[in-house]
Amino acid sequence: MSEKTFAALVADALAHVRELMPWDVDDLRQTDPNVLIVDIREADEFASGHIQGSLHVPRGILEAASDWGYSDTVPALVQARNQPVVLVCRSGNRTALAAVTLQLMGFQQVYSMKTGVRGWNDYELPLYDVDGGQVDIDLAEQELDPPLRPDQTKPAA
């Protein structure tokens, strides 16, 4: 089996998932009371700013959270197999991979939010912290676009 980069894995996944732009997600959640927005980011990312009413299910437990019989089971998610489920992450990459997984698990209407929470914030849609307070757009932008450390870049050959 050949080695793939994260970008290649995401590109492969995107060929099999449906994406919605942030404004489409906003419209969908206002017109369809059954839509479930699932934020798959890590706890600290979710705490610093998330879409109001979204369900937090970190990517690391998504499969167990989506099925009965596990300590990580999230009933609202398990019961959403026939509802629109919009997956949200920071940029839309993790959700592309997660959407493929949920489709394999039998979820019928799974969407990945293209551009993620970054795009949501860029479109100036509100984000909320864990206390329910609205997050300042400029502060959210800083949190959503952390700089790379030198050790996170590929060394020169």
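The model is predicted: local features need pLDDT of at least 70, side-chain atom pairs count only at pLDDT 80 or more, and totals for chains, interfaces and linings use all residues. Numbering starts from 1 along each chain as its sequence is written, and side-chain values use heavy atoms, with hydrogens and water left out.

## Overall fold

The chain holds eight helices and five strands. Here helices (H or I, at least four residues) and strands (E, at least two) are DSSP runs, numbered from the N terminus. Read from the N terminus, the order is α-β-α-β-α-β-α-α-β-α-β-α-α. The radius of gyration is 16 Å, close to the 15 Å that the globule rule gives for 157 residues, so the chain is as compact as a globular protein of that length. That radius is taken over C-alpha atoms, and the globule rule is 2.2 Å times the number of residues to the power 0.38. The C-alpha trace spans about 50 × 45 × 30 Å along its principal axes.

Of the 157 residues, 38% are buried. Buried means under 20% relative accessible area, exposed means over 50%, and partly exposed lies in between (1.4 Å probe, protein chains only). Contact means heavy atoms within 4.5 Å. Among contacts with a separation of 6 or more, 61% join residues 24 or more positions apart.

The accessible surface comes to about 9000 Å², and carbon and sulfur atoms account for 51% of that area. Accessible areas come from the Shrake-Rupley method with a 1.4 Å probe; for residues, only the protein chains shown count as cover. The chain carries 12 positive and 24 negative side chains, and the centres of the two sets lie 8 Å apart. Lys and Arg count as positive, Asp and Glu as negative; His and the chain ends are not counted. Each charge is placed at NZ of Lys, CZ of Arg, CG of Asp or CD of Glu.

## The nonpolar cores

A nonpolar core is a set of buried Ala, Val, Leu, Ile, Met, Phe, Trp, Tyr and Cys residues joined through side-chain atoms within 4.5 Å. The largest one has 18 residues, and V38, L77, V85 and L87 have the most contacts inside it. Strand 2 (36–39), helix 4 (62–65), strand 4 (84–88) and helix 6 (93–104) each give two or more residues to this core. Helix 6 gives the most, with three residues. A second, separate core of 17 residues includes I37, Y111, M113 and V117.

L87 has contacts beyond its neighbours within four places in sequence; among them are V38, I40, A98, L102 and V110.

V117 is found in helix 7 (residues 116–122). Its relative accessible area is 0%, so V117 is buried. Leaving out residues up to four places away in sequence, V117 touches D39, R41, G49, V88, C89, R90, L127 and L144. V117 and V88 are 29 residues apart along the chain, yet their C-alpha atoms are separated by 6.7 Å.

D26 lies in helix 2 (residues 22–31). D26 counts as buried, because its relative accessibility is 12%. Neighbours within four places aside, D26 is in contact with W120 and L125.

D24 is also placed in helix 2. D24 is partly exposed, with a relative accessible area of 32%.

T101 belongs to helix 6. T101 counts as buried at 17% relative accessibility. Apart from neighbours within four places in sequence, T101 is in contact with R59 and E63.

## Residues in loops

H16 sits in the loop between helix 1 (6–14) and strand 1 (18–20). H16 is in contact with V100 and Q103, its neighbours within four places in sequence left aside.

T115 is in the loop between strand 5 (109–113) and helix 7. Its phi is near 75°, a positive value in a residue other than glycine. E124 lies in the loop between helix 7 and helix 8 (137–144). Phi of E124 is near 65°, again positive in a residue other than glycine.

| Residue | Relative accessibility | Class |
|---|---|---|
| H16 | 58% | exposed |
| T115 | 29% | partly exposed |
| E124 | 58% | exposed |
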